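Please keep the sequence and the model at hand while reading.

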Amino acid sequence: MLSANYLASCSDDLVKLYSQLESDILVDMVKRLKRLGSVTESTLYQMEIYKEIGGLQEKVLEIIHSYDNQSQKMILELFNDAIQKATVNDLKMFSDRQLTDDQRQLIEATMKKLQSAPIINSNKKTRKDFADGQAIKVFSGLQRLTMTIADTSSNQFVQVANKLYMQVSSGAFSYDKAFKMGVDDLARQGVYTVSYTDSIDFDDPEVQIGAKPQAVVRSIESAVRSNILSGINQTVSQITQDNCQELDTDLVEVSAHYGARDGKYGKNAWSDHSALQGKVYCLNGERYYTDGNGERKFAPNFKETCGIGYPDGICGINCRHSYYPYFEGSEQHYSEDKIEKMNEKTMTFNGQKFTQYEAEQQLRMFERAIRKWKRQADMEEVGSVDNVMARTKIYEWQHKAKDFCEQTGLRRDYSREYIGTKSGKQPKGISLESVLPY
């Protein structure tokens, strides 16, 4: 198993890498937009646009490929680290629990076996081979996803360039004003990926669902974070089931954390993770078992109840739950009272009550706003246009995030406010008072 905190932060370094990739692409788009400024005749303008599109697509592919080696290396390291931690954590879960002598001996024997011959039962591969294979699979999927940026960025560029030309040629705006608006449009949109799926990512407000097959449009930051978290959790899920086989148990206990998904928008019963967490389930069918207090309890079927393997189930898309082997007769990690307190925890902000899940979603909104204005300030600097307003917005949203965290008690995650920049430095926010005339 892996902790919810580990799963929430495991993709941070990769997100920063791809954020820099996004910045490189946006910088190139702004430079190409600026070059169009000297063309005033309509036909020539369209010719120049299409000339720039060809160069843009080539440059985007060049930028994406330039990050491949580093990205693949980081993903490989991350998956191997995650699998090692998950295996050790699965077995450590029993160190302070009530176990029989036979059960303890079995755990010790399993630990020695994993150290000397770390084999995955289901496919007879070493854990490292398995981790590498899963990492390459996730990297390949992410690579295919980012390749759509070449097309989406071209479409963005054409839309912004045509809008700029119409604004200037109609006399509605000066070129400088229209150019600034074009730069802001590119910065606001960022670069985005497109995939097609029948599933909905309930925790990702950036996902836009279209006609069937559903076109899922998301920012590159969102795509990277979701793919890495989901890929790691699903890989670790396989490891845990192999550990259960090694330990000769068909029971598993699902982890629990504050802010579990409430399933408000889910179509399946297992979409409500708050109702599933902290309980014991059976991998093969369903059965009764005896808990650490000698009480007889029922363990429902894990897949049918928790939706393991489904996008909105436990260990599905953006899920931060894990599960681990459970020995009959041992103490469970989460009492019913503890789970109830986790699910009922509320926070207050400016007199309004939030569940922790709702509060975390609200904080994600503040973080997206901070990244948006940082990106706009950076692109305006690249385009040599005034970025004071964008920097005041950075300050404003950073202040809102700070106030929200102070009132609710949530921890502010600065890695989620990070953007890649041409200079390598984060755009600084400034207060409105500091720029107002006396």
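**Charged pairs and the chain around them**

In this predicted model, the side chains of Lys 180 and Asp 184 are joined by a salt bridge, with 3.3 Å from N to O. The two residues both belong to helix 8, where they stand four residues apart, about one turn of the helix. Both Lys 180 and Asp 184 are buried.

Helix 8, which spans residues 175–189, holds a further pair of this kind, since Arg 188 and Asp 185 both lie in it, three residues apart and again about one turn of the helix. The side chains of Arg 188 and Asp 185 meet in a salt bridge at 2.2 Å, N to O. Asp 185 is buried, because its relative accessible area of 10% falls under the 20% cut-off, whereas Arg 188 is partly exposed at 41%. Salt bridges with shared partners also link Asp 12, Glu 221, Arg 225 and Arg 371 into one network.

Lys 177 is likewise found in helix 8, and with a relative accessible area of 43% it is partly exposed. Computed along the sequence, Lys 177 and Gln 167 are 10 residues apart, while in space their C-alpha atoms are 9.3 Å apart.

Glu 48 forms a salt bridge with Lys 51, and the closest N and O atoms are 3.2 Å apart. Here Glu 48 is partly exposed, with a relative accessible area of 24%, and Lys 51 counts as exposed at 56%. The count of salt bridges comes to 24.

Turning to the chain as a whole, its secondary structure comes to 13 helices and 11 strands, and 52% of its 438 residues count as buried. Among contacts with a separation of 6 or more, 74% are made by residues 24 or more positions apart. The accessible surface comes to about 21100 Å², and carbon and sulfur atoms account for 50% of that surface.

Definitions and conventions:
Residues are numbered from 1 along each chain as its sequence is written. This is a predicted model: local features need pLDDT of at least 70, side-chain atom pairs count only at pLDDT 80 or more; totals for chains, interfaces and linings use all residues. Side-chain values use heavy atoms; hydrogens and water are left out. Buried means under 20% relative accessible area, exposed over 50%, partly exposed in between (1.4 Å probe, protein chains only). Contact means heavy atoms within 4.5 Å. Accessible areas come from the Shrake-Rupley method with a 1.4 Å probe; for residues, only the protein chains shown count as cover. A salt bridge is a side-chain nitrogen of Lys or Arg within 4 Å of a carboxyl oxygen of Asp or Glu.
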